[in-house]
Amino acid sequence: MRCLLLIHEQGSAAAGQEQTSIESTAVAEESLNECGYQVYTACSAADVPRCIHDIDAAVVHLPMARLNTWHRTLNEWKSMPLLWWCSPYAATASAAACEDDVPIDGIMTPTMSPAELHWALHIGAKQFFDRQQWDAERRQLRAQLEERKWIDMAKGILCDINRISEAEAYDLLRRRAMNERKRIVDVATSIVKAHQQLKA
């Protein structure tokens, strides 16, 4: 991991906090540069395309309430680890959002040493890849449950119409799928939909 995108928003801080936000962002950029990372900065979505292909992770220096918006924006371009730069400004501006569900993979602070920043990024990247795996497994399980639902409905229809057992209905589905060179769930779906149209 060598290239980072540091995200901040200019002109979005409350009155009196703008200078604090700017100074905290400068500290973040300097700290990450000193650790050997190449840092690109973005203060709006329009800044992202110019560097997105080089970026390994995003460090977001914003109040937590705006993290979900930036997470969606980044995912339109590229999925990557997202870490929160928790400066005094960002922490204070996030007090009301401490219970929100935000998609961050780690936290970095201005008081961290270079070694601690490296480890925060390393652990954040691992957390990101674990989250990606969990999301993929969850999608796969949902798809399997959806397929099972169609197959069970088709078996029920075949049992009622042909007066056969569930095992025989499943065997009938399997044979038809093999004959038509289709997946069992596709055959099951077509049976259920045809049955629903006949009943309508």
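**Ground rules.** The model is predicted, so I took local features only at pLDDT of at least 70 and side-chain atom pairs only at pLDDT 80 or more, while totals for chains, interfaces and linings use all residues. Residues are numbered from 1 along each chain as its sequence is written, and side-chain values use heavy atoms, with hydrogens and water left out.

**Cavity.** I looked for holes first. A cavity here is a set of points, on a 1 Å grid over the protein atoms alone, where a 1.4 Å probe fits but cannot get out.

Which residues line the largest cavity? I noted His-71, Leu-74, Asn-75, Lys-78, Met-80 and Leu-82; a lining residue has an atom within 4 Å of a point. Helix α2 (residues 67–77) gives the largest share of that lining, three residues. Helices are DSSP runs of H or I, at least four residues, numbered from the N terminus. By type, the lining splits into three nonpolar, two polar and one charged. Nonpolar covers Ala, Val, Leu, Ile, Met, Phe, Trp, Tyr, Cys and Pro, charged covers Asp, Glu, Lys and Arg, and the others, Gly among them, are polar.

**Rings.** I searched the whole structure for aromatic pairs (Phe, Tyr or six-membered Trp rings with centres within 6.5 Å) and got one. The ring centres of Phe-128 and Phe-129 are 5.1 Å apart with planes at 65 degrees, so I logged the pair as edge-to-face; that label needs planes over 60 degrees apart. Buried means under 20% and exposed over 50%, with a 1.4 Å probe and protein chains only.

I also found the charged end of Arg-2 over the ring of Tyr-37, 4.9 Å from the ring centre. To count, CZ of Arg must be within 6 Å of the centre and within 35 degrees of the ring normal.

**Positive phi.** Arg-163 has phi near 50 degrees, positive in a residue other than glycine. Arg-163 sits in the loop between α4 (114–162) and α5 (166–180) and is exposed at 72%. Arg-181, also not a glycine, has a positive phi of about 55 degrees. I place Arg-181 in the loop between α5 and α6 (184–199), exposed at 78%.

Methods: 1 Å grid on protein atoms, 1.4 Å probe; cavity = no way out; pocket = protein on both sides within 12 Å on 5 of 7 lines; lining within 4 Å. Helix = DSSP H or I, 4+ residues; strand = E, 2+ residues; numbered from the N terminus. Phe/Tyr/Trp six-rings, centres within 6.5 Å; stacked < 30°, edge-to-face > 60°.
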